[in-house]
Amino acid sequence: MDYITSILKENRVFYPSHEFSRKSHIKNIQEYSKIYKKSIENPEAFWAEKALQLDWFKKWDIVFRNDYGFFKWFEGGYLNVCHNCLDRNIKSGKKDKIAFIWEPESGESKSYTYEQLLKEVCKFANVLKKKGVKRGHVVEIYLPMIPELPIAMLACARIGAIHSVVFAGFSYDALKDRIQDSKAELLITADGSFRNGKIYQLKDNADAALKECPAIKNVIVAKRANNKVSMANRRDYWWHELVNEKGISDVCEPESMHSEESLFILYTSGTTGKPKGILHTQAGYLLFAYQTFKWIFDIKDNDIYFCTADIGWITGHSYIVYGSLSNAATIVMYEGSPTYPNPDRFWRIVEKHKVTIFYTAPTAIRALAKEGGDWPNKSNISSLRLLGTVGEPINPEAWMWYYNVIGKNKCPIVDTWWQTETGGILISPLPGATPLKPSSATKPFFGIIADVLREDGSKANVNEGGYLVIKNPWPGMLRTVWNDPERYKHTYFEKFGVYLTGDSAKIDQDGYFWIMGRIDDVIKVAGHRIGSAEVESSLVSNEAVAEAAVVPFPHEIKGQAIYAFVVLKRGIKKSEELKEELKRHVAQHIGPIAKPDKIQFADDLPKTRSGKIMRRILKVIAEGSTDYGNIMTLADPSVVDVLAKDRVK
């Protein structure tokens with residue numbers, strides 16, 4: 001891939017303190033290198049040794065098998081994921097340890113010990129059984145960030161049902177598509193959800209979807225918002241009434257599940273075409289989530305861990321529910337947005353619960369940085385010892401703000417790269433061992449052989465952009481695309497014969513990985529392939545810019561040209577002079593070929609409720625079209641009309 005090589009060099013390096021390294025699981029880069037070497041030279045022995053840290057009902061017969069491109073781990077072994085997340089911790093003396101601290105957008109926070117959580121899970125598991133859910137059945141879950149969500153997931157895992165969680169910010173269309181594809185027969189939802197002080201009508205959405213999903217026989221509704229909803233006779237039931245019915249026990253024996261039986265389906269929210277149902281199975285997924293959480297977050301028994309993701313995404317599955325609970329962590333789970341009622345909501349939660357580990361998305365960091373340093377300084381966030389980012393590449397300026405303002409120059413940042421398909425983190429610093437470079441995901445995790453390839457499959461040179469691939473199987477990887485094994489093979493393995501991530505990246509002279517965005521986020525200007533993330537980072541490095549999103553638009557001469565949407569910091573005036581200055585800034589930092597042809601100042605960008613910028617919508621606006629597709633999943637759909645009206649002709 002003929003990527004233009006950036007001259008936007010990042011030479012700053014940040015080391016963990018001696019005190020942090022001394023107390024961490026992996027204490028220096030030499031120790032990391034020694035374990036990493038062992039993990040890739042004999043991966044089967046490495047993962048088998050780690051798997052013994054889980055509880056097994058029956059040990060495996062074979063560690064790994066490649067079944068014509070479909071990978072199997074720990075065949076012949078039997079365990080239960082819920083048992084490993086709850087019973088195992090209770091057995092080791094953690095029954096009174098807090099598992100979840102639920103922080104609602106409004107109202108009182110609520111805590112569950114491991115013992116209390118197990119009882120709630122068992123009660124709901126027995127409810128599911130009573131409603132006819134059996135091992136191997138699919139249960140669709142459409143819930144906001146309330147305790148019933150992880151309880152429902154764990155209950156499914158306990159009885160061997162397959163859960164498929166749909167992000168509560170999705171429309172009824174997205175829910176309908178996922179129910180139809182998964183062939184679920186039972187749906188769990190809520191009357192409504194809160195966001196920025198408003199009630200979203202989840203049950204109404206579910207009802208609209210179910211008009212085209214006749215296979216759903218039962219709907220269980222959690223009461224959250226107390227809004228008026230219609231309940232269909234002999235189909236819809238209230239959660240609280242079912243769990244309190246006479247005869248519903250708080251004891252439920254866990255099913256003994258084969259390692260390769262299905263655990264959950266999670267759909268990737270593709271912008272076009274049918275969403276892909278990513279299938280994860282039992283033992284390999286759990287083992288990988290468990291080990292990555294333990295090492296990358298350097299978890300200690302007294303840590304309070306706060307991940308701001310929604311459980312509707314893979315980050316919430318792996319690092320709020322399964323990876324976290326299997327490590328007996330105490331997890332803060334928050335229902336609302338980062339800026340409600342004020343932009344210090346996260347920092348107030350950190351202060352209130354004395355959070356020690358904080359894991360969020362670059363989008364949230366940029367949005368909060370835009371509000372300035374006064375907001376975090378109003379709260380006592382000195383309990384923090386480790387920070388993390390997830391979801392997309394973080395530009396160096398946002399990384400520095402996070403490190404200086406939130407971390408007070410003392411907290412390492414684990415910039416984690418991974419995907420729905422990978423099940424857990426594949427490239428990340430280990431906080432006590434890895435020297436950090438702002439914006440680099442640094443080194444592969446144990447057992448992961450990552451590389452960057454050119455279009456012809458040859459290895460890219462140092463600092464040459466190309467296709468990011470993973471050259472070996474790992475326990476947490478997807479097993480297939482639900483009901484579509486050919487799509488699995490075509491999407492992930494056809495091009496190079498190894499796992500194709502769909503992301504572009506480069507490797508620097510120190511072996512550090514730099515993620516440059518999705519392959520399809522690459523803009524081809526006059527034959528040069530330019531990573532949109534690189535141009536965005538260059539724009540944001542200008543002191544006037546809070547946020548930027550870059551998309552291609554058709555150009556008669558160049559083929560494609562660059563259109564930049566730029567959000568300015570508070571107090572900065574929009575002007576044609578500033579546009580020209582920003583174009584010069586990009587040309588100076590990356591090269592003239594990367595200079596945006598058009599810059600549009602914006603007060604806001606179209607984002608999903610999880611904070612992801614919807615570049616496909618920006619691309620449509622830049623092209624002068626109005627074919628936006630479904631925009632109702634956006635946090636604020638009105639942003640689209642405003643941007644379209646102000647489009648630069």
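## Confidence in the model

The protein chain has a mean pLDDT of 93, with 97% of its residues at 70 or more; pLDDT is the predictor's confidence in each residue, from 0 to 100. Residues 1-8 are another story: their pLDDT is below 50, although beyond near neighbours in sequence the stretch has 33 contacts in the model (contact means heavy atoms within 4.5 Å).

A few ground rules: this is a predicted model, where local features need pLDDT of at least 70 and side-chain atom pairs count only at pLDDT 80 or more, while totals for chains, interfaces and linings use all residues. Residues are numbered from 1 along each chain as its sequence is written, and side-chain values use heavy atoms, leaving out hydrogens and water.

## A four-stranded sheet

Strands here, like helices, are DSSP runs numbered from the N terminus (helices are H or I with at least four residues, strands E with at least two). Four of the strands make an open sheet in the order β21-β22-β24-β25, with antiparallel pairing; two strands pair if DSSP finds at least two bridges between them. At the edges sit β21 and β25 (513-518), each pairing on one side only. Direction ignored, neighbouring strands of this sheet are turned by 45° against each other on average.

Now for the pairings. β21 (residues 450-453) and β22 are joined antiparallel over four bridges, and Asp 451 stands opposite Val 469 in β22. Four bridges also link β22 to β24 (residues 499-507), again antiparallel, with Tyr 467 partnered by Ser 504 of β24. Between β24 and β25 there are five bridges, antiparallel too, and there Asp 503 has Arg 518 of β25 as its bridge partner. As for β22 (residues 466-470), five of its five residues are buried, so the rest of the structure largely encloses this strand; buried means under 20% relative accessible area, exposed over 50%, and partly exposed in between (1.4 Å probe, protein chains only).

Pro 435 lies in the loop between β20 (413-415) and β21. This proline is buried, at a relative accessible area of 15%. Setting aside neighbours within four places in sequence, Pro 435 touches Val 13, Phe 14, Tyr 15, Ile 29, Thr 442 and Tyr 512.

## A parallel pair

β16 (residues 304-307) points Ile 304 and Phe 306 one way and Tyr 305 and Cys 307 the other way, and all are buried. β16 and β17 (residues 330-334) run parallel and share three bridges, with Phe 306 opposite Val 332 in β17.

## Helices

α3 (residues 43-51) and α11 (residues 283-296) pack at about 85°, their axes 10 Å apart. Axes are lines fitted to C-alpha atoms, for helices over the stretch in contact, and angles run from 0 to 180 degrees between N-to-C directions. The two helices are therefore roughly perpendicular, a label for 65 to 115 degrees. On the α3 side the contact uses Phe 46, Trp 47, Lys 50 and Ala 51, and on the α11 side Leu 287, Phe 288, Gln 291 and Trp 295.

α16 (residues 396-406) is mostly covered, with nine of its eleven residues buried. Among them are Trp 399, Trp 401, Tyr 402 and Tyr 403. Lys 408, which follows α16, has a positive phi, near 50°.

Note on methods:
Angles under 35 degrees count as roughly parallel, over 145 as roughly antiparallel, 65 to 115 as roughly perpendicular and the rest as oblique.
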